Amino acid sequence: MPEWLVAVLWAILKATIALAFIGVNFMFLVWLERKVSARMQYRVGPYRVGKPHGWAQLFADAIKMFSKEDVMPAAADRWVWAAAPVVVFAPAVLLFVILPVGPGFGVQPDFNLGLLFLSAVSSFTLFGIFMAGWGSNNKYSLIGAMRAAAQLMAYEIPLVLAVLGVVMLAGSLSLQDIVEAQKRYWFVFPQFLGFIVFLIAAIAELNRTPFDLSEAESELVAGYFTEYSGIRWGMFMFAEYTNLFTMSAIAASLFFGGWNGPILPPVVWFLIKTYAFVLLAMWIRWTLPRIRIDQLLDLGWKFLVPVGLLNLVITGLFLV
């Protein structure tokens with residue numbers, strides 16, 4: 001068999017496995033968030049559809065979602081409105097390319113510009129959100145999209161500053177190299193300030209409570225996806241939970257040694273650390289109230305940016 005054909009088949013196999021994992025992971029995270037929120041509110045959560053613990057609830061929800069009528073607003077910008085869910089969904093899947101699941105294991109784990117790819121692709125989500133808000137021709141959707149734009153600009157810079165501290169220590173933009181560099185100690189210890197900045201900025205980038213101002217059900221109905229239903233609405237949810245997993249995996253790789261750990265296989269350590277961050281994000285969502293837009297922007301520009309710059313100065317002095 002020609003070498004190029006083997007490479008193509010291997011790439012197709014890895015992409016298929018990644019897509020299958022993304023689908024199963026989405027259903028698991030939705031079920032997990034329902035159970036976690038229920039426990040925090042002294043409820044049972046999903047219980048009746050599939051026993052034990054309502055494991056089949058997501059299948060019932062999927063059937064309901066697929067069977068719903070796909071309604072397009074009469075005054076919507078047809079093509080922009082229809083393309084928005086795809087533009088939001090695609091970056092969420094593309095980020096899986098750079099995740100280092102194990103030593104040399106992943107879709108493209110040894111991508112030497114991995115963090116640059118991360119920064120570029122994750123920012124592209126904003127285009128989809130803005131397309132949804134603009135194309136819906138709805139004032140609530142447009143306000144949600146404008147909030148998302150302001151939020152992204154306020155938190156993308158601190159996020160990059162936090163990551164730069166890790167890059168300075170590892171001397172590489174590859175996530176694989178960064179995880180390898182943490183065999184002796186996790187970067188969360190010398191980069192604790194950077195980790196705090198990263199954690200806050202990442203939750204803001206994910207549009208999760210207390211930073212879910214672009215959706216804000218009590219103010220904007222559902223913000224930029226108010227006018228979506230059925231499978232198109234499902235694609236927004238799919239992107240949200242996939243981004244939650246991806247950002248958690250990147251946090252684990254940047255600050256907590258990624259797949260490094262004793263006794264257990266590297267893949268198991270990677271998943272343990274990633275889902276620990278997922279649970280942390282869920283705990284924050286169901287504990288803290290939503291803040292105002294002015295408070296959100298003040299936090300980004302007046303606190304996270306200065307702290308991120310201070311962290312870079314300290315890191316530079318440490319390296320000198």
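Two rings of Phe, Tyr or Trp (for Trp, the six-membered ring) are a pair here if their centres lie within 6.5 Å, and the pair is called stacked with planes under 30 degrees apart, edge-to-face with planes over 60 degrees apart, and tilted otherwise. By this rule the count comes to 17 aromatic pairs. The model is a predicted one, in which local features need pLDDT of at least 70 and side-chain atom pairs count only at pLDDT 80 or more, while totals for chains, interfaces and linings use all residues. Residues are numbered from 1 along each chain as its sequence is written, and side-chain values use heavy atoms, with hydrogens and water left out.

Select Tyr155 and Phe211 to begin with, a tilted pair with 5.8 Å from centre to centre and 45 degrees between the planes. Tyr155 belongs to helix H5 (residues 139-170) and Phe211 to the loop between helix H7 (192-205) and helix H8 (217-220), so the pair ties together parts that are 56 residues apart in sequence; helices here are DSSP runs of H or I with at least four residues, numbered from the N terminus. Tyr155 is buried, at a relative accessible area of 0%, and Phe211 is buried at 5%, where buried means under 20% relative accessible area with a 1.4 Å probe and protein chains only.

Select Tyr228 and Phe236 next: the ring centres are 5.0 Å apart and the planes stand at 70 degrees, so this pair is edge-to-face, and both Tyr228 and Phe236 are buried.

Then select Trp186, Phe195, Phe198, Phe255, Phe256 and Phe277, which ring pairs link into a cluster.

Key: Helices (H or I, at least four residues) and strands (E, at least two) are DSSP runs, numbered from the N terminus. Buried means under 20% relative accessible area, exposed over 50%, partly exposed in between (1.4 Å probe, protein chains only).
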